[in-house]
Amino acid sequence: MTGTPLTIEAINHMSADAFRDAFGAIAEKSAWVAEAAGARRPFAGRADAVVAFQDALTSASREAQLAVLRAHPDLAGRAALAGDLERASKEEQAGAGLDSLSADELARFTDFNIRYRARFGFPFILAVRGATKYDILEAFAARIDNSAESEFSTAIKQVCRIMTFRLEDAIAGQGEGPATAQPEISIVSDAIDRAWSDQVAFLKELVRVPSDNPPGDCLAHAERSAALLADLGFEVERHRVPDALVERYGMIGVENLIVRRRFGSGSGPTIALNAHGDVVPPGEGWTTDPYGAEERDGAVYGRGVAVSKSDFATYAFALKALEEEADALDGTIELHLTYDEEAGGFVGPKWLLDEGLSKPDYAFSAGFSYAIVTAHNGCLHLEVTVAGKQAHAALPSSGIDALEAATAVLTALYAERHALGATTSATPGIGSPQLTVGLISGGINTNVVPDRVTLRVDRRIIPDEDGAAVEADLIERIEQAVQAVPGATVSCRRIMLAEPLRQLPGAETLIDAVQPAAQDIFGVEINTTGVPLYTDARHYATAGIPTILYGAGPRSILEANAHGADEHLQLSDLRSATEVIYRALKTLIAR
């Protein structure tokens, strides 16, 4: 369909043949879909027409649906290379950059196309409008291992999305919003769609205000965040943490923010959504200003854009979208925007909970979009000080060499590091416990027997372990090792002990709300998993609050370059994750 969009009035007065000729290509080379949809005229509006096309496909026989799938071209396949595509398909693939792939990229697409067809018997189908070639390759990788039944269903939903886009182009909307009226195969809710440009601007502004931790002076970012939230119409509570407590955790200034929105009588559950605004320093190697919030190739670049300033935007705009559903809701949504995750969360969410400033029934913590995280590692940071006795290097035997004793300690620690590889967590995604000696310092001068050596040890604790027991065992190994040098002594000081996040009873309520929405929106299987990190989510779980991690982002921190140079977030993931959270919250506090 090309040219000026047709009015509903004109479409309703078309003959059956004229309707088929005008809309026969909406479902790729499958004019029967248009014939079935046209039989439902007159349409009340564009949305009604969209539903008619979707129903025509989804109510058809399995054989007819399979024929529609097989009528679609491969993405960047032979038909595209030969220029043998329907006009709409050609424009859609070009819009995603598939007409200008490098040789390596084309080889990847070709490999995926071959493997996908061999596995499922039809081409890979994705509504590529608004996506980049990187998004498409990610979707290929995510869906190639789906079950046959799941992938068939996903492909049909994607065809419905493609038809929706094409019908929006072909039919004048007459004041209607995006034609996505059928909930089961909707794209993005109208409220989120209307606020999209504001949401992107909101995220960019958060990135432009530095909030590096260390040094941990995050007050300016909290100030700007509060102002931006107020501009959205939210009432923002600002909770300044006492400076003495902040300094105890090595930071300069922390002010945590809470937004509370009660719907209905408020007798339904209270759900907290927590994201952190403090970020690690940018470091070297960036190709763009780490505080510039540059947008390119469908992504925003900047420190903290993925971890986790993105979820300030995800959660705030999901809550804003709920305002239009207020009459159908009963419960309370709270945004907890905190500022010390990089230092352990002790003056962030833990402080809010300890002070009784919030008592939620459930909690979401910042996460990524392609899995629901229900467990993560804990972490022990231990400072180990080995003491000896200084002496002249000409007479080393008159001293006690602290470095020699520290070497024995290091040998024991690295032996333990290798032994830990034999233990694997029962939780998918976690793997094995880890041990790293991250810092070492000591000695006086080149010609002096060192009297003191200090090590900093990082021990990652899997959910199957108990943090206190891990700490006691590690200290015992260190104390035994130092005995290899008579007269040497050792002291161990806990810097931090963060227990792992373990799934609590009640977390399945959150999972059941998020999982179907995420699978619908992203078109891939969304599973529960663990991650080998530690996050603020553990503070909610420690307080007995069922908690999961879900938000905007790719499949891993590596894909986003989180904590690395050129950290970035695909805007398509932000938009889709906002829709998922919006739907999940609507389910959780429905009347």
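The protein exposes about 24200 Å², of which carbon and sulfur atoms supply 50%; accessible areas come from the Shrake-Rupley method with a 1.4 Å probe, and for residues only the protein chains shown count as cover. This is a predicted model, in which local features need pLDDT of at least 70 and side-chain atom pairs count only at pLDDT 80 or more, while totals for chains, interfaces and linings use all residues. Residues are numbered from 1 along each chain as its sequence is written, and side-chain values use heavy atoms, with hydrogens and water left out.

**Overall layout**

- Along the principal axes, the C-alpha atoms of the protein fill a box of roughly 105 × 55 × 40 Å.
- The protein has 22 helices and 15 strands; helices (H or I, at least four residues) and strands (E, at least two) are DSSP runs, numbered from the N terminus.
- Of the 591 residues, 55% count as buried; buried means under 20% relative accessible area, exposed means over 50%, and partly exposed lies in between, with a 1.4 Å probe and protein chains only.
- Among the contacts in the protein with a separation of 6 or more, 79% come from residues 24 or more positions apart, where contact means heavy atoms within 4.5 Å.

**Aromatic rings**

- Rings of Phe, Tyr and Trp (its six-membered ring) pair if their centres lie within 6.5 Å; planes under 30 degrees apart count as stacked, over 60 as edge-to-face and the rest as tilted.
- By this rule there are 16 aromatic pairs.
- F124 and F140 are a stacked pair, because their ring centres are 3.9 Å apart and their planes stand at 25 degrees.
- This pair links distant parts of the chain, 16 residues apart: F124 is in the loop between α8 (103–120) and α9 (133–143), and F140 is in helix α9.
- F124 and F140 are both buried.
- F202 and F317 have ring centres 5.4 Å apart and planes at 75 degrees, so this pair is edge-to-face.
- Here too the pair links distant parts of the chain, with F202 in helix α12 (residues 196–208) and F317 in helix α15 (residues 309–322), 115 residues apart.
- Both F202 and F317 are buried.
- One aromatic cluster is formed by F109, F112, Y116, F120, F122, F124, F140 and F152.

**Charges over rings**

- A charge sits over a ring if NZ of Lys or CZ of Arg is within 6 Å of the ring centre and within 35 degrees of the ring normal.
- R62 lies over the face of F152, a member of the aromatic cluster, at 3.7 Å from the ring centre.
- R538 lies over the face of F346, at 5.5 Å from the ring centre.

**Backbone exceptions**

- Most residues other than glycine have a negative phi, and most peptide bonds are trans.
- The bond joining R41 and P42 is a cis peptide bond, with omega about 10 degrees; P42 lies in the loop between α3 (31–38) and α4 (46–58).
- From N213 to P214 the peptide bond is also cis, with omega near 5 degrees, and P214 lies in the loop between α12 and α13 (219–231).
- H563 is not a glycine, yet its phi is positive, at about 65 degrees.
- H563 is in the loop between α21 (557–560) and β15 (568–570) and is partly exposed, with a relative accessible area of 46%.
- D566, a residue other than glycine, has a positive phi near 60 degrees.
- D566 is found in the loop between α21 and β15, but D566 is buried, with a relative accessible area of 12%.

**Helix α15**

- Of the 14 residues of α15, 13 are buried, so the helix is mostly covered.

**Two buried polar residues**

- T338 is in strand β6 (residues 331–338) and is buried, with a relative accessible area of 0%.
- The side chains of T338 and N274 make a polar contact at 3.1 Å; a polar contact is a pair of N or O atoms within 3.5 Å, where within protein one must be able to donate a hydrogen and the other to accept it, and residues adjacent in sequence count only if both atoms are side-chain atoms.
- Leaving aside neighbours within four places in sequence, the contacts of T338 include N256, H276, D278, P349 and D536.
- N113 is in helix α8 and is buried, with a relative accessible area of 6%.
- With neighbours within four places in sequence left aside, N113 is in contact with D74, L75, A76, G77 and F140.
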